[in-house]
Protein chains: 2
Amino acid sequence: MTAENSGLGRLKNRLAQISDLESAAAVLSWDQQTYMPPGGAAGRAEQLATLARMSHELFTAGGTYSLIEQAAGEIGGVDADTDDAALLRVTYRDFDRAVKLPAELVAELARTRTLAQEAWTKARAANDYPAFAPWLEKLIELTRRTAECWGYQDRLYDALVEGYEPGTTTAQVAAMYADLKPGLVSLVQAIVERGRPIDDAVLHREYPVPRQREFSERLVRDLGYDFERGRQDDTTHPFCTTFSVGDVRITTRFDPRFLSQGLLASVHEAGHAIYEQGSPAELDRTPLRGGASMGVHESQSRLWENLVGRSRPFWQHFFPLLRETFPEALADSSADAFVRALCKVTPSLIRVEADEVTYNLHVLLRFELENDLLEGRLSVADAPAAWNAKMQEYLGLTPPTDAEGILQDIHWSIGIMGYFPTYSIGNLLAAQLWEAATGEIPEIPAQLSRGEFAPLLGWLREKIHRHGRKYLPNELIERATGKPLQSGPFLRYLTGKYTEIYGL
Amino acid sequence: MTAENSGLGRLKNRLAQISDLESAAAVLSWDQQTYMPPGGAAGRAEQLATLARMSHELFTAGGTYSLIEQAAGEIGGVDADTDDAALLRVTYRDFDRAVKLPAELVAELARTRTLAQEAWTKARAANDYPAFAPWLEKLIELTRRTAECWGYQDRLYDALVEGYEPGTTTAQVAAMYADLKPGLVSLVQAIVERGRPIDDAVLHREYPVPRQREFSERLVRDLGYDFERGRQDDTTHPFCTTFSVGDVRITTRFDPRFLSQGLLASVHEAGHAIYEQGSPAELDRTPLRGGASMGVHESQSRLWENLVGRSRPFWQHFFPLLRETFPEALADSSADAFVRALCKVTPSLIRVEADEVTYNLHVLLRFELENDLLEGRLSVADAPAAWNAKMQEYLGLTPPTDAEGILQDIHWSIGIMGYFPTYSIGNLLAAQLWEAATGEIPEIPAQLSRGEFAPLLGWLREKIHRHGRKYLPNELIERATGKPLQSGPFLRYLTGKYTEIYGL
């Protein structure tokens with residue numbers, strides 16, 4: 001136990017209050033996206049702005065820095081591999097970023113995000129990009145101001161990426177894509193040239209939503225998502241949110257004519273949530289609870305969604321139950337045919353519905369566009385055309401509407417820029433972790449085919465989840481896999497899997 | 001517009017932030033009672049404790065009192081009949097109570113309430129009073145400490161009542177019951193002696209919950225509840241909660257074999273919500289938003305629930321639609337028979353299901369018991385027996401289980417004592433307002449029978465709602481009805497209505 005009156009004790013107490021304010025804000029945001037009536041938007045914006053300002057003020061208030069220093073003295077420096085030393089390292093890193101932002105900018109961002117999100121929701125529904133454009137303009141300007149406050153060496157974008165993926169630069173992201181792109185492109189080419197299109201009509205039959213909901217809950221419960229400490233609701237854009245180790249919620253989006261969208265969104269978000277639920281209870285109300293970075297977080301959701309949820313062993317186990325649930329739609333299908341449908345590779349408009357092979361091209365597009373917007377090479381007015389041009393270039397498609405183009409993602413509407421590359425990092429890391437896990441436990445695929453998910457979950461708990469935010473992403477990846485992040489495992493995984501599926 | 005840098009401007013800014021924190025806490029409480037998974041309880045208790053402590057600290061921080069004084073100087077005193085003067089009067093009244101409570105007591109109360117409520121929920125489900133007793137003990141002790149901090153002239157209970165019904169004493173409440181009891185008792189006796197029991201079997205047929213939900217939404221929408229600025233969810237104990245003028249929510253509880261419970265709970269809570277939605281937008285984020293007192297609030301819910309929702313004109317309009325909604329259950333019934341069933345007078349165990357005539361005896365019992373508990377004449381261990389003895393004395397019934405006795409209400413589980421009498425005040429005032437409204441607009445009953453609720457709503461908006469918390473309850477009642485609160489209208493209303501129904 002930490003003495004209450006020590007520097008460390010007082011710092012922990014302050015951090016716990018900040019955590020409470022942030023959790024409250026998370027509840028308000030969750031409510032805004034699930035159940036809030038339209039009339040609540042203006043008041044909610046004020047409430048979120050106040051919570052953001054107060055937690056920011058409490059964190060950056062006089063005293064926090066000296067408490068960190070005092071606590072570091074009490075525990076003999078911050079280099080030890082202990083929870084307390086990690087707490088101080090992480091807190092200092094967060095403090096350094098937070099203290100550079102004026103409270104008014106934080107509050108204005110929070111308020112603008114809330115209103116912009118409402119505007120985006122309406123604009124997307126009405127396919128009315130011009131109605132959203134002023135909000136995007138304002139958010140870009142606020143994001144630029146934020147990046148300038150944080151500072152950067154080479155690129156404005158560096159300051160943003162650092163917040164999601166500590167220790168990673170824009171140049172490294174660009175290099176990752178340069179490394180990845182040739183392999184992806186040649187794989188897509190090989191698939192296209194093979195000329196053996198997969199029929200995924202089975203996914204687009206009638207799947208009544210209540211039964212989809214029930215089945216998805218069964219799925220994610222079996223994988224390890226604990227409903228005693230969570231729940232699943234419906235939102236336009238699926239997400240996972242944490243209020244405490246005991247309350248980690250997911251949302252999903254069911255379409256009665258598109259089975260895999262909802263099911264795999266549930267599995268994806270459950271992957272995030274299982275990570276969050278795996279934080280040790282003693283890290284609750286501290287900055288060490290949660291994930292090491294957004295990329296590491298995404299590795300968990302992608303691993304469960306793609307390496308497990310789009311695998312043959314997984315559906316060997318679950319397909320019979322799925323067919324019991326939807327006897328009319330699946331009477332003439334088989335586990336193998338179903339998995340093939342789930343793994344259909346085809347250029348498409350919507351990122352969250354993209355296949356594993358083309359997905360990273362969607363993200364690359366966003367990475368490039370948000371850099372261009374932030375660094376002034378592209379205007380908000382021209383952005384839809386630029387989006388469409390890149391879609392044509394990378395995927396051979398032009399979105400017929402902005403709702404299916406630039407308006408599709410929630411991220412920019414809530415001022416999140418610099419985040420998209422973490423999806424690709426997550427894809428790479430998922431494959432790297434899978435290679436390491438199956439290297440140590442070769443029975444994992446056979447276990448999946450029997451519905452035994454505990455060994456894989458146990459490996460992830462041990463290597464990743466139990467550490468919360470204690471380690472930097474690169475440290476954590478090296479500890480778990482013995483190597484830094486690499487594109488090899490991902491390309492090997494894709495090539496192996498799709499060579500078989502497409503008979504390349 | 002108030003200048004931002006004036007004392008009044010700075011006070012308003014501070015009050016707006018406090019309002020935001022309180023709204024955030026209200027969202028967290030709503031979530032706790034509607035959707036929170038069980039694992040969230042511990043974290044939620046901490047979050048609510050932190051929000052309560054921070055809003056308390058912000059309100060009682062150095063500077064608030066001098067801002068009130070400075071603002072009073074700027075507007076030339078606090079006696080004028082203006083929003084600003086009322087704001088200062090109400091703020092000073094709140095400040096005086098808040099500043100007397102140490103922040104730690106406020107936080108401990110908030111934390112204990114959250115945990116005690118979880119314990120109560122389980123204890124009620126398991127009919128296990130001893131499991132709840134330690135929490136009740138602790139809440140009583142905290143409530144006593146709270147009352148001592150506030151101070152009182154005659155009775156500890158005075159300090160509590162003042163918080164819900166400013167300007168009302170325990171002695172006045174006791175006098176009200178003394179005034180009310182003989183009339184109630186003789187009416188109950190007359191009904192019993194008449195020996196003409198009403199058959200309310202029609203209320204206990206099969207009423208599928210989804211259709212009840214739909215019908216209840218139609219009902220409250222027609223009365224004037226705005227779903228663009230609200231929503232209805234399910235909870236164990238129905239309530240109304242306000243996050244902003246644009247987001248006022250209600251909850252209800254449907255039973256597939258008890259139609260009136262859910263429908264009238266919806267109407268009741270909508271009565272509260274319509275009052276809250278009637279606060280002028282410019283009072284949002286100020287202490288003037290909302291209701292003058294709990295009694296005045298309850299007058300609105302009771303008026304819609306009882307004087308409207310249990311009246312013949314109301315069901316002349318709605319019964320045909322109700323029968324369309326539930327053709328199987330209501331094929332052989334009529335509007336008249338349905339209203340008679342809704343107005344059945346019979347001693348019963350559960351307060352929220354009690355009829356209008358016996359209801360105030362349920363409340364009297366709680367008023368007496370919570371006084372005895374707080375003033376040490378009754379121990380927590382003996383409380384169930386005392387409850388049951390009084391039930392026998394007042395209503396001739398002994399609860400077979402504590403779940404149907406002392407564990408039935410949520411109030412004590414969240415540390416709310418001194419509140420119950422406001423239900424009786426609400427009953428009296430509802431009748432007094434009804435007498436005044438129908439005196440001015442004699443067509444109201446005929447309008448109700450045509451589904452025209454706007455004239456009655458308009459009268460309430462004008463006389464009550466638009467004033468928010470600007471006036472003390474007594475001032476408001478006198479302004480609206482020309483008289484102080486009286487028991488005459490309520491006894492006249494009951495006697496007239498039940499003389500007809502029971503053919504006395």
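# Briefing: a predicted two-chain model

The side chains of Arg310(A) and Glu305(A) form a salt bridge, with N and O 3.0 Å apart. The model that contains this pair is a predicted one. Both Arg310(A) and Glu305(A) are buried. Over all chains, the structure holds 78 salt bridges.

**Relation of the two chains**

- Two copies of a chain are related by a rotation about an axis and a shift along it.

**The interface between chain A and chain B**

- The contact draws 35 residues from chain A and 35 residues from chain B.
- Of the interface residues of chain A, 100% are also interface residues in chain B, so the copies meet through the same surface.
- The size of an interface is often given as the accessible area lost when the parts come together.
- Here chain A and chain B bury about 2700 Å² between them, and 60% of this is on carbon and sulfur atoms. Within chain A, the residues that lose the most area to chain B are Tyr35(A), Gln47(A) and Met54(A), which together account for 18% of what that side buries.
- Between chain A and chain B, 14 residue pairs are in polar contact, both residues being at pLDDT 80 or more. On the side of chain A that touches chain B, the elements giving two or more residues are helix H1 (7-34), helix H2 (41-60), strand S2 (240-244) and strand S3 (247-252) of chain A. The residues of that side of chain A comprise 14 nonpolar, 10 polar and 11 charged.

**Salt bridges across the interface**

- Side chains of opposite charge can pair when their charged atoms come close.
- Six salt bridges are counted between chain A and chain B.
- Arg44(B) and Asp247(A) are joined through their side chains in a salt bridge (3.7 Å, N to O).

**Salt bridges within chain A**

- Asp96(A) and Lys100(A) meet through their side chains in a salt bridge of 3.3 Å, N to O. Asp96(A) counts as partly exposed at 27% relative accessibility, and Lys100(A) is partly exposed with a relative accessible area of 34%.
- A salt bridge also links Arg145(A) with Glu108(A), where the closest N and O atoms are 3.9 Å apart. Arg145(A) belongs to helix H6 (residues 129-150) and Glu108(A) to helix H5 (residues 103-126) of chain A, so the pair ties together parts that are 37 residues apart in sequence.
- Arg145(A) has a relative accessible area of 36% and is partly exposed; Glu108(A), at 24% relative accessibility, counts as partly exposed.

**A network of shared partners**

- Asp20(A), Arg285(A), Glu46(B) and Arg111(B) are joined into one network by salt bridges that share partners.

- Asn371(A) is placed in helix H15 (residues 359-374) of chain A. With a relative accessible area of 3%, Asn371(A) is buried.
- Neighbours within four places in sequence aside, Asn371(A) is in contact with Arg155(A), Tyr157(A), Thr170(A) and Arg377(A).
- Tyr92(A) is placed in helix H4 (residues 83-99) of chain A. Its relative accessible area is 38%, and Tyr92(A) is partly exposed.
- When residues up to four places away in sequence are not counted, Tyr92(A) touches Tyr65(A) and Ile68(A).
- Tyr92(A) and Glu69(A) are 23 residues apart along the chain, and their C-alpha atoms are separated by 9.4 Å.

**Positive phi angles in loops of chain B**

- Most residues other than glycine have a negative phi.
- Asn127(B), a residue other than glycine, has a positive phi near 50°. Asn127(B) lies in the loop between helix H5 (103-126) and helix H6 (129-150) of chain B, and is partly exposed with a relative accessible area of 34%.
- Arg285(B) is not a glycine, yet its phi is positive, at about 60°. The loop between helix H10 (259-277) and helix H11 (294-308) of chain B holds Arg285(B), which is partly exposed with a relative accessible area of 21%.

Notes: Residues are numbered from 1 along each chain as its sequence is written. Chains are lettered from A and ligands numbered from 1 in the order in which they are written. This is a predicted model: local features need pLDDT of at least 70, side-chain atom pairs count only at pLDDT 80 or more; totals for chains, interfaces and linings use all residues. Side-chain values use heavy atoms; hydrogens and water are left out. Contact means heavy atoms within 4.5 Å. Buried area is the accessible area (1.4 Å probe) that two parts lose on being put together, summed over both. A salt bridge is a side-chain nitrogen of Lys or Arg within 4 Å of a carboxyl oxygen of Asp or Glu. A polar contact is a pair of N or O atoms within 3.5 Å; within protein, one must be able to donate a hydrogen and the other to accept it, and residues adjacent in sequence count only if both atoms are side-chain atoms. Helices (H or I, at least four residues) and strands (E, at least two) are DSSP runs, numbered from the N terminus. Ala, Val, Leu, Ile, Met, Phe, Trp, Tyr, Cys and Pro count as nonpolar, Asp, Glu, Lys and Arg as charged, and the others, Gly among them, as polar. Buried means under 20% relative accessible area, exposed over 50%, partly exposed in between (1.4 Å probe, protein chains only).
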